[in-house]
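Please look over the sequence and the structure before reading on.

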Amino acid sequence: MKRIELATTREFNPLGMKAIVLHDSEHFKILNFNLKAGALFPIHSHDLDGQLSILVIEGEGLFLADNEATMPARTGDMLIADIREPHGVRATTDMRIVVTIAPPI
């Protein structure tokens with residue numbers, strides 16, 4: 001088993017986004033992205049089969065999708081999508097998200 005204290009990864013990059021790998025195995029990958037208010041995690045997709053989740057652990061913003069679609073993203077909200085689906089995040093406040101990707105990229 002592995003325990004991760006997310007409070008210790010609360011670091012922000014004044015230029016926008018800080019990425020921290022929390023776990024990486026052949027089965028899945030978990031990343032912590034910390035975004036300053038106004039930062040954009042650009043809409044993107046990956047050309048492979050699998051799924052991802054994006055969990056907001058702090059702050060507020062928007063989940064972003066194709067065709068300019070958006071959904072509110074607040075502390076405790078989770079987005080689940082196929083990896084092939086375009087996805088992104090825009091932070092309106094300082095925001096922390098945990099992204100799980102399976103299989104890992």
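Is R10 buried, partly exposed or exposed, and what is its relative accessible area? R10 has a relative accessible area of 43% and is partly exposed. The model is a predicted one.

## Salt bridges

The structure contains 7 salt bridges. In general, side chains of opposite charge can pair when their charged atoms come close.

One of the salt bridges is between R10 and E58, with the closest N and O atoms 2.5 Å apart. R10 belongs to the segment before strand 1 (17–24), while E58 is in strand 4 (residues 51–58), so this pair ties together parts that are 48 residues apart in sequence. E58 has a relative accessibility of 22% and counts as partly exposed, and R10 is likewise partly exposed, at 43%.

Another salt bridge joins the side chains of R3 and E5, at 3.0 Å from N to O. R3 is exposed, with 69% relative accessible area, because the exposed class begins over 50%. E5 is partly exposed, with a relative accessible area of 43%.

The side chains of K18 and E11 also meet in a salt bridge, here at 3.4 Å from N to O. K18 counts as partly exposed at 28% relative accessibility, and E11 is partly exposed with a relative accessible area of 38%. Through salt bridges that share partners, R10, E58 and R96 are joined into one network.

In which order do the strands of the open sheet of 4 strands follow one another? The order is 3-8-5-6, and the pairing is antiparallel. Strand 3 (40–44) and strand 6 (70–74) stand at the edges; each has a single partner strand, so one side of each is left without a neighbour in the sheet. On average, neighbouring strands of this sheet are turned by 25 degrees against each other, with direction ignored.

Strand 5 (residues 60–64) and strand 8 (residues 87–91) run antiparallel and are joined by 4 bridges. Within this sheet, F63 has V89 in strand 8 as its bridge partner.

## Aromatic rings

The count of aromatic pairs comes to 1. The pair consists of F33 and F41, whose ring centres are 4.7 Å apart and whose planes stand at 45 degrees, so the pair is tilted. The tilted class applies because planes under 30 degrees apart would count as stacked and those over 60 as edge-to-face. Both F33 and F41 are buried.

A charged residue is also placed against a ring: K36 lies over the face of F12, at 5.6 Å from the ring centre.

K29 is part of strand 2 (residues 29–35). Is K29 buried or exposed? K29 counts as buried, at 15% relative accessibility, because buried means under 20% relative accessible area.

Which residues does K29 touch, not counting those up to four places away in sequence? The contacts are V21, H23, D24, V99, T100, I101, P104 and I105. P103 is 74 residues from K29 in sequence, yet the two are 7.4 Å apart in space, C-alpha to C-alpha.

Methods. Residues are numbered from 1 along each chain as its sequence is written. This is a predicted model: local features need pLDDT of at least 70, side-chain atom pairs count only at pLDDT 80 or more; totals for chains, interfaces and linings use all residues. Side-chain values use heavy atoms; hydrogens and water are left out. Two strands pair if DSSP finds at least two bridges between them. Helices (H or I, at least four residues) and strands (E, at least two) are DSSP runs, numbered from the N terminus. Axes are lines fitted to C-alpha atoms, for helices over the stretch in contact, and angles run from 0 to 180 degrees between N-to-C directions. Rings of Phe, Tyr and Trp (its six-membered ring) pair if their centres lie within 6.5 Å; planes under 30 degrees apart count as stacked, over 60 as edge-to-face and the rest as tilted. Buried means under 20% relative accessible area, exposed over 50%, partly exposed in between (1.4 Å probe, protein chains only). A charge sits over a ring if NZ of Lys or CZ of Arg is within 6 Å of the ring centre and within 35 degrees of the ring normal. A salt bridge is a side-chain nitrogen of Lys or Arg within 4 Å of a carboxyl oxygen of Asp or Glu. Contact means heavy atoms within 4.5 Å.
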